[in-house]
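Q: I have a structure open and want to go through parts of it. Can we take it piece by piece?
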Amino acid sequence: MNSDLLARIITGINSVMNTAFDFILTPFRTVSPWPGMLAVSLVTSVIVLIIFKYTSRQTTLKQKKNKLLANTLELALFKDDIIMNLRAFGRAFMANIMYLLELMVPLLASFVPVTLIIIQLSCWFGARPIRPGETFIATAYFSSNYPVTEQSISVKTSDGITVETDSVRTPSENHVSWRFKAGTPGPQWIDFNINGTALRKTVTVDTRIARISARRVQPGTLALFANPSEPPLPADSPVTSIVAVYPQPNFIIAGINFNWLAVFFVLTLVCGFILKKPMNVEI
């Protein structure tokens with residue numbers, strides 16, 4: 001497939017997903033990320049349960065799960081008889097294999113939508129917006145064909161961002177960085193002027209959860225999928241990526257800050273367990 005066509009297809013998918021998640025999460029734009037994460041986990045569990053219901057053999061799945069449970073119970077019943085216990089273990093092992101094989105089709109069918117959801121979640125919960133008054137680093141990474149020490153580089157910012165330091169060029173890693181300070185809440189931007197060409201990087205300044213874009217990258221299948229919130233850099237640009245460093249999100253339970261992806265999976269499993277009976281889905 002032509003690379004330009006593939007890039008347009010990916011950009012179109014990203015646009016649809018961006019719109020859908022902006023619609024879902026805009027009502028949950030609070031200081032805490034928990035309401036929004038719970039809403040997405042609930043929607044995800046419904047989607048996955050629907051996929052399981054229509055891509056699996058529900059009756060067969062229930063039979064194999066019951067067989068696995070029965071064989072597992074045998075292990076407890078015959079724990080004092082080593083021969084019977086070994087036989088029960090073998091039957092439980094095979095029942096488990098057959099049960100997992102029955103799950104393969106719905107799991108594979110769920111892979112694409114769940115992956116797209118996780119990518120979108122990373123834009124909302126992988127980091128939090130920069131608060132007014134906070135400082136942050138933004139870095140432009142150059143192609144090996146364009147040594148950073150030989151380029152004409154400057155920056156210009158929107159009114160809500162101020163430049164705090166001069167540029168710091170790092171020849172060993174071929175990148176240049178600045179430290180900025182956030183001011184006015186809302187969508188802000190930084191223009192990186194490279195050899196007379198301006199490359200814009202968006203920056204989100206807010207006290208609530210919001211969509212962010214930590215990286216703007218050159219075109220590439222995985223890069224475009226993983227960074228859906230901004231259009232790609234020009235393919236012939238000397239800059240391969242522009243990265244803004246955002247603070248980590250706060251999913252705190254009992255004083256411990258949990259990883260957002262772990263929180264998503266746990267909440268989705270809990271919602272799925274609660275909803276599977278009302279939706280009449282066997283898992």
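Q: Which residue in S6 does Lys 156 stand opposite?
A: Lys 156 stands opposite Asp 191 in S6. Keep in mind that this is a predicted model.

Q: How many bridges are there between S2 and S6, and in which sense do they pair?
A: S2 and S6, which covers residues 186-194, pair over five bridges. The sense is antiparallel.

Q: What sheet is that part of, and in what order do the strands come?
A: It is an open sheet of three strands, ordered S2-S6-S7, with antiparallel pairing.

Q: Which strands are at the edges?
A: S2 (153-157) and S7 (197-205) are the edge strands, and each of them pairs on one side only.

Q: How much are neighbouring strands turned against each other?
A: On average by 25 degrees, with direction ignored.

Q: What holds strands together in general?
A: Strands of a sheet pair through backbone hydrogen bonds, and the pairing can be parallel or antiparallel.

Q: Next, S1. Which strand is joined to S1 by seven bridges?
A: That is S5 (residues 175-182), and it runs antiparallel to S1 (residues 135-142). One of the pairs has Tyr 141 with His 175 of S5 as its bridge partner.

Q: And how many bridges join S1 to S9?
A: Five bridges join S1 to S9 (residues 239-244), and these two strands also run antiparallel. Here Phe 142 has Val 239 in S9 as its bridge partner.

Q: Change of topic: helices. At what angle do H2 and H4 pack?
A: H2 (residues 34-55) and H4 (residues 82-125) pack at about 165 degrees, and their axes are 9 Å apart. An angle over 145 degrees counts as roughly antiparallel, so H2 and H4 are roughly antiparallel to each other.

Q: Is the crossing left-handed or right-handed?
A: The crossing of H2 and H4 is right-handed.

Q: Which residues make the contact?
A: On H2 they include Met 37, Val 40, Ile 47 and Phe 52. On H4 they include Leu 103, Pro 106, Ile 117 and Phe 125.

Q: How many of the contact residues are nonpolar, polar or charged?
A: The contact of H2 with H4 has 16 nonpolar and four polar residues, and no charged ones.

Q: Zooming out, how many helices and strands does the protein have?
A: The protein has six helices and eleven strands.

Q: Why is it called more spread out than a compact globule?
A: Its radius of gyration is 25 Å, while the globule rule gives 19 Å for 283 residues; the value is well over that, so the protein is more spread out than a compact globule.

Q: What box do the C-alpha atoms fill?
A: Roughly 80 × 45 × 35 Å, taken along the principal axes.

Notes: Residues are numbered from 1 along each chain as its sequence is written. This is a predicted model: local features need pLDDT of at least 70, side-chain atom pairs count only at pLDDT 80 or more; totals for chains, interfaces and linings use all residues. Side-chain values use heavy atoms; hydrogens and water are left out. Axes are lines fitted to C-alpha atoms, for helices over the stretch in contact, and angles run from 0 to 180 degrees between N-to-C directions. Helices (H or I, at least four residues) and strands (E, at least two) are DSSP runs, numbered from the N terminus. Angles under 35 degrees count as roughly parallel, over 145 as roughly antiparallel, 65 to 115 as roughly perpendicular and the rest as oblique. A crossing is left-handed if the near helix is turned anticlockwise from the far one by less than a right angle, and right-handed if clockwise. Contact means heavy atoms within 4.5 Å. Ala, Val, Leu, Ile, Met, Phe, Trp, Tyr, Cys and Pro count as nonpolar, Asp, Glu, Lys and Arg as charged, and the others, Gly among them, as polar. Two strands pair if DSSP finds at least two bridges between them. The radius of gyration is taken over C-alpha atoms; the globule rule is 2.2 Å times the number of residues to the power 0.38.
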